[in-house]
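Open the model in your viewer and keep the selection tool ready. The stops below go from aromatic rings to a strand and then to charges over rings.

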Amino acid sequence: MSDSWMVFLGTSAGVPSKLRGLPSILLQYRGKYLLLDAGEGTQIALSRYGIGSSKIDAILITHLHGDHIFGLPGLIQSMGMSSRKKPLLIISPNGLRDFLEASFKTTDFIPQFDVEIREPERTAIGDYIEIVPFKTCHTSLPSYGYLVLGKTPSGDLRFSLAYTGDTKPCESYVDAIKGSEVLIHDSTFSEELRNEAWSFGHSTSKDAALIAREIGAKVLFLFHISNRYNDDLSLLEREARRFFSEAYAAIDGMKFYL
Ligand SMILES: [Zn+2]
Ligand SMILES: [Zn+2]
């Protein structure tokens, strides 16, 4: 069995449903645990899939919209209650510190472990993972995606995964993620709602598929899916597969070995 995997903790856009939590993905490689975004309910999803929050080494936040960060205060408080000592690294666009400090102050909580907040920059997580942030095209808020590179002990590339967070399709990030094997892309709507998607800074499943094809990805996960498709995810997959055959709609709890 592979020593590297990811699991979708929450795959919804904006609002949770009984089927879908808000955006969060957990990735594990060589004993390091990374969280990509932390929507509300992230810690419940972690416990549902049997993963202790104390294991998480780093959290990568794409942007400060609530559906991507409202899970953080509760998650960090739970880490504190489990007597965590190891430091936590959070990479996020500017502004997250104010949000966390206000929530800790209001709730009279002081983490008894180091919480380091860094703005997006190329960062090593342990000896084998490298994070490369890239700018995306969402709203007026600064927004980033993250390229996660897993290296072998001899320095070879073991896997590359690109997570866009929320974005409409734009050329500016295509170069940054070219050649990435796994692409997790905003796919909020289907093509018939393209105008709505783009005007809110989101993508359709066709957009995601065209980007996957352009960068030469091996597999595409459609992510950040509107609840209007909960009864028929195959609609989004069919649309995407017209342009990129290995496209799958992400579902909460879905695990993928890298
Ligand atoms: Zn969102
Ligand atoms: Zn957003």
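Select Phe8, Tyr163, Phe221, Phe223, Tyr248 and Phe256: ring pairs link these residues into a cluster. Rings of Phe, Tyr and Trp (its six-membered ring) pair if their centres lie within 6.5 Å; planes under 30 degrees apart count as stacked, over 60 as edge-to-face and the rest as tilted. This is a predicted model, in which local features need pLDDT of at least 70 and side-chain atom pairs count only at pLDDT 80 or more, while totals for chains, interfaces and linings use all residues. Residues are numbered from 1 along each chain as its sequence is written, and side-chain values use heavy atoms, with hydrogens and water left out.

The count comes to ten aromatic pairs. Next, show Trp5 and Tyr33: the ring centres are 6.1 Å apart and the planes at 75 degrees, so this pair is edge-to-face. Trp5 is in strand β1 (residues 4–10) and Tyr33 in strand β3 (residues 32–36), 28 residues apart; strands are DSSP runs (E, at least two residues), numbered from the N terminus. Both Trp5 and Tyr33 are buried, meaning under 20% relative accessible area (1.4 Å probe, protein chains only).

Now colour strand β11 (residues 182–186). Five of its five residues are buried, so β11 is largely enclosed by the rest of the structure. β11 pairs in the parallel sense with strand β10 (residues 157–163) over three bridges and with strand β12 (residues 219–223) over five bridges; pairing requires at least two DSSP bridges. Leu183 stands opposite Ala162 and opposite Leu220 in β12.

Finally, select Arg194, which lies over the face of Trp198, 5.0 Å from the ring centre. The rule is CZ of Arg or NZ of Lys within 6 Å of the ring centre and within 35 degrees of the ring normal.

Key. Chains are lettered from A and ligands numbered from 1 in the order in which they are written. Buried means under 20% relative accessible area, exposed over 50%, partly exposed in between (1.4 Å probe, protein chains only). Helices (H or I, at least four residues) and strands (E, at least two) are DSSP runs, numbered from the N terminus.
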